Each structure stands twice: as C-alpha cells, then as structure tokens.
Amino acid sequence: MQLPNSRTEPDGSAVVRVLSYNVRSLKDDTAALARVIGACAPDLVLLQEAPRFFRWRKKLARLARAADLVILTGGATAAGPAVLCSLRATVERTEDVLLPLTPGLHRRGFATAVVRFGGARLGVLGCHLSLDKDERYEQSGMLLDRLAGMGVDHAIAGGDINEGPEGPAFTRLADALQDGWATAPQGAEHTWSATDPHRRIDAIFATRGIEVLGCGVPVDLPGVTRLDLSGATDHLPVLGAFRIPAA
C-alpha cells in the first residue's frame, strides 16, 4: 500500500506529503540522497544537519534543485534544521529560531514557516533536539510553545528527536500532538541507523484536527535501491501524508 498523492480537495482541504530526513551535512552520497528525496515526492522536507558552514546556501540549493524543490527556510540560520518545499506551497512567512545555548553543547534551533496549500493553512517546524537528556526535554517544551504561538489552527513538526518513543521528550511531544507512526503506521518503523535500523528516533508530529493518512520509513521507492538508502546518510527518512482542513 502506498501513501496517497498530494492533492487539493474540492472543499479546499489538502493532502500534503511531508518528509523528515537527517542528511548528515551532505557528507555522504548526495546523488543518492537526491534520488531518495525526489522519489518520496514531498511537498515539504524537514532536514536536520543541513549544511551550516562554508557556502552552505549553495550546497543546500544544489540539493533542493536536484530533488526538484526550493529552499523555504533554515540552514545555518537555524543551526542546522532546514525546510525545503515544492512549488505547490504558497509561503506566508518564515522564521528561524535559535534556542538558548548551553555551554559545552551544540547550538540548536527551529526552522519554521507558515504555508498554504489550496485552502489549507499550515504551520511547519523542523527540529533536531539535543543529545543531552535534560536539554532535550526543555527543547521539547519550547517546540510546543513555538507551535502554540504560530497563530495557526493546524501545524506539523518533525525532525531528529535523538531518543525513542519511551523517552521523556518524545513522550511529551506525543502526548500533546499526534505521533505520525503511532497514529497511522505505514512502511517501516526504525530510522536509526541506515545500515542497521533498530531505533525510531526520527518522527513527524501533527496537531489535533489534522488527519494522519500514513507515516513511516518509505519502502519500495521507485528508482531507489537499498544501497541508495544506506549510502545517502546515516538515518532513514520518515515520510507522512496528512489531510489538512481548509482554513
């Protein structure tokens, strides 16, 4: 069974395909990475570990172009998270958010936007939470606060949570939002690692009112081999299809 294709319904609601993917600063096989992203046919791509240093915009733009997408927001300005989108999206606004820096730990941030698909209005947030358990829990609360302050009825957040569903930060998000895989599992579950998948540490969440049509690690992508998935980066992607009500 395949996820439904993107479409806009007669009532103005929209089916939107969202991909979350840790791309490890494009250190691996970028041609394979572009093939995987393109085969997922996403409307929105939430990247983690996007390029952040020398010529990072050019590197991110090259990946977007290879996957027939454009840069929406993020990258170095969000300390790693970035959002790509298809031309189907109408962009209302974007904002990159740097989170408080804990001495000795990596700076984290959120890449956020408000977009429209047909008559549906959607808040979007890409994240990569801390490796430190306490900081990660605090950041999960900041994520929920940020979603609540976006001024939208419907929002999707996704990224590398850096812990599994049993962890306190993941649980906090899943209690407040719909966990895509837990709500409508489709495909495979585990995202880490790409060569030996045994943990689910990447996820896409949706606010109540959004219909989760399916979510998980995509399998049997057209034109994509297992070598592409293992060579593109060290994580597996999470792909979800969501029905967003009309505004």
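Which side chain meets Arg 35 in a salt bridge? The views below answer this and show related pairs in a predicted model.

**View 1. Asp 228 and Arg 35 form a salt bridge.** The side chain of Asp 228 meets that of Arg 35 at 2.7 Å, N to O. Asp 228 belongs to helix α6 (residues 226-232) and Arg 35 to helix α1 (residues 30-40), so the contact ties together parts 193 residues apart in sequence. Asp 228 is buried at 8% relative accessibility, and Arg 35 is partly exposed at 39%. A salt bridge here is a side-chain nitrogen of Lys or Arg within 4 Å of a carboxyl oxygen of Asp or Glu. Buried means under 20% relative accessible area, exposed over 50%, and partly exposed in between (1.4 Å probe, protein chains only). Helices (H or I, at least four residues) and strands (E, at least two) are DSSP runs, numbered from the N terminus.

**View 2. Arg 136 and Glu 163 form a salt bridge.** The N to O distance is 2.8 Å. Arg 136 sits in helix α3 (residues 133-148), and Glu 163 in the loop between β9 (155-160) and α4 (168-176), 27 residues apart. Both Arg 136 and Glu 163 are buried.

View 3. Arg 7 is partly exposed, at 34% relative accessibility. The whole structure contains 13 salt bridges.

Residues are numbered from 1 along each chain as its sequence is written, and side-chain values use heavy atoms, without hydrogens and water. Local features need pLDDT of at least 70 and side-chain atom pairs count only at pLDDT 80 or more, whereas totals for chains, interfaces and linings use all residues.
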